[in-house]
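Student: I would like to learn how to read a structure like this one, feature by feature. Where do we start?

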Amino acid sequence: MEKEEIKKSYERLLIGNQSWAAEKLNQDPNYFKGLAMGQNPEYLWIGCSDSRVPANEITGTKSGEIFVHRNIANVVVHTDMNLLSVLYYAVEVLHVKHIIVCGHYGCGGVIAAMSNKDNGFVNNWLRNIKEVYEKHSIELDAIEDLNLRENRLVELNVMEQVCNLGKTKIVQQAWKRRELQVHGWVYGFDNGLIKDLNVMVDELSDLQPIFRFNL
Ligand code: CO
């Protein structure tokens, strides 16, 4: 790419921002004043970094409605300070009512984790998904079609991450107060629709006893 082209691809965003801001003000002169007052989102979204899965756009929601955390393949790692800080703030300060783990079919992270390819530094992150595979290897190995097996791992990965949320003290405390539901979704590029995996968890009883804290 030529230097001038690179500059253009960057400037396009700033130009886009200007027309977007003008359009918002045109629709509602107080739009930004309202946003500046603060946020009160009801949802925490834990999704994939994939550029094709923007939380607000695919759910038809507006700025201020969803608190968002994204990483490669929407993984909940209990030592991830970034995720834990977002989770803590969302639950304890913003008091979100729902946490949604949203994966997507065709997820590059999940497909990479299913292969034996060396993905450099990302190997360390994909290891989390390889462990999901290992846990469900009997079911997954029985699926002959590679595409169907990838799709199933995408779903199982979401379900495992929902469980991982339930294993945190942050979520267990909120459950005790009966304030929070955790959901697992998968988004598909084939029709743009979200599939609810119905793994909604809002009680300790769904969790293996070893992971329950005495709170
Ligand atoms: Co992905």
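Tutor: With domains. Domain bounds come from an automatic or database domain assignment. Here the assignment gives domain 1 (1–38) and domain 2 (39–211). Their C-alpha centres lie 30 Å apart.

Student: What ground rules apply to the model?

Tutor: The model is predicted, so local features need pLDDT of at least 70, side-chain atom pairs count only at pLDDT 80 or more, and totals for chains, interfaces and linings use all residues. Residues are numbered from 1 along each chain as its sequence is written, and side-chain values use heavy atoms, with hydrogens and water left out.

Student: Which residues are the protein donors of the cobalt ion?

Tutor: Start with the rule. Donors are N, O and S atoms within 2.8 Å of the metal (3.2 Å for Na, K and Ca); water is not among the atoms, so sites may look incomplete. In this structure the protein donors are C48 (SG), H104 (NE2) and C107 (SG). They lie 2.0 to 2.3 Å from the cobalt ion. Their spacing in sequence is C-x55-H-x2-C.

Student: Where do C48 and C107 sit in the chain?

Tutor: Elements first. Helices (H or I, at least four residues) and strands (E, at least two) are DSSP runs, numbered from the N terminus. C48 is in strand β1 (residues 43–48). C107 is in the loop between β3 (98–104) and α5 (108–114). The pair is 59 residues apart and links distant parts of the chain.

Student: Are C48 and C107 buried or exposed?

Tutor: Buried means under 20% relative accessible area, exposed over 50%, and partly exposed in between (1.4 Å probe, protein chains only). Both C48 and C107 are buried.

Student: How many disulfides are there?

Tutor: A disulfide is a covalent bond between the sulfur atoms of two cysteines. The rule used here asks for a pair of cysteine sulfur atoms within 2.5 Å. The count comes to 0 disulfides. Take C102: the nearest cysteine sulfur, that of C48, is 9.4 Å away. C102 is buried, at 1% relative accessible area. For C163, the nearest cysteine sulfur is that of C102, 17 Å away. C163 is partly exposed, at 31% relative accessibility.

Student: Next, backbone angles. What is phi of N74?

Tutor: Most residues other than glycine have a negative phi, and most peptide bonds are trans. Phi of N74 is near 40 degrees, a positive value in a residue other than glycine. N74 is found in the loop between β2 (66–71) and α4 (81–93). N74 counts as buried because its relative accessibility is 2%.

Student: And what is phi of N198?

Tutor: N198 has a positive phi of about 55 degrees, although it is not a glycine. N198 lies in the segment after β5 (194–196). At 64% relative accessibility, N198 counts as exposed.

Student: How many salt bridges does a search of the whole structure find?

Tutor: A salt bridge is a side-chain nitrogen of Lys or Arg within 4 Å of a carboxyl oxygen of Asp or Glu. The search finds 10 salt bridges. One of them joins K7 and E11, with the closest N and O atoms 3.5 Å apart.

Student: Why are K7 and E11 separated by about one helical turn?

Tutor: Because K7 and E11 are 4 residues apart in helix α1 (residues 3–27). K7 is partly exposed at 43% relative accessibility, and E11 is partly exposed at 29%.

Student: Which residues are linked in a network of salt bridges?

Tutor: E139, R152, E155 and K195.

Student: Last, the surface. Which residues make a nonpolar surface patch?

Tutor: Patches are made of residues with over 30% relative accessible area and no salt bridge: like charges are joined within 9 Å, nonpolar side chains (Val, Leu, Ile, Met, Phe, Trp, Tyr) within 5 Å. Accessible areas come from the Shrake-Rupley method with a 1.4 Å probe; for residues, only the protein chains shown count as cover. Y88, Y89 and V93 make a nonpolar patch of about 290 Å². Y89 is in helix α4. At 38% relative accessibility, Y89 counts as partly exposed.
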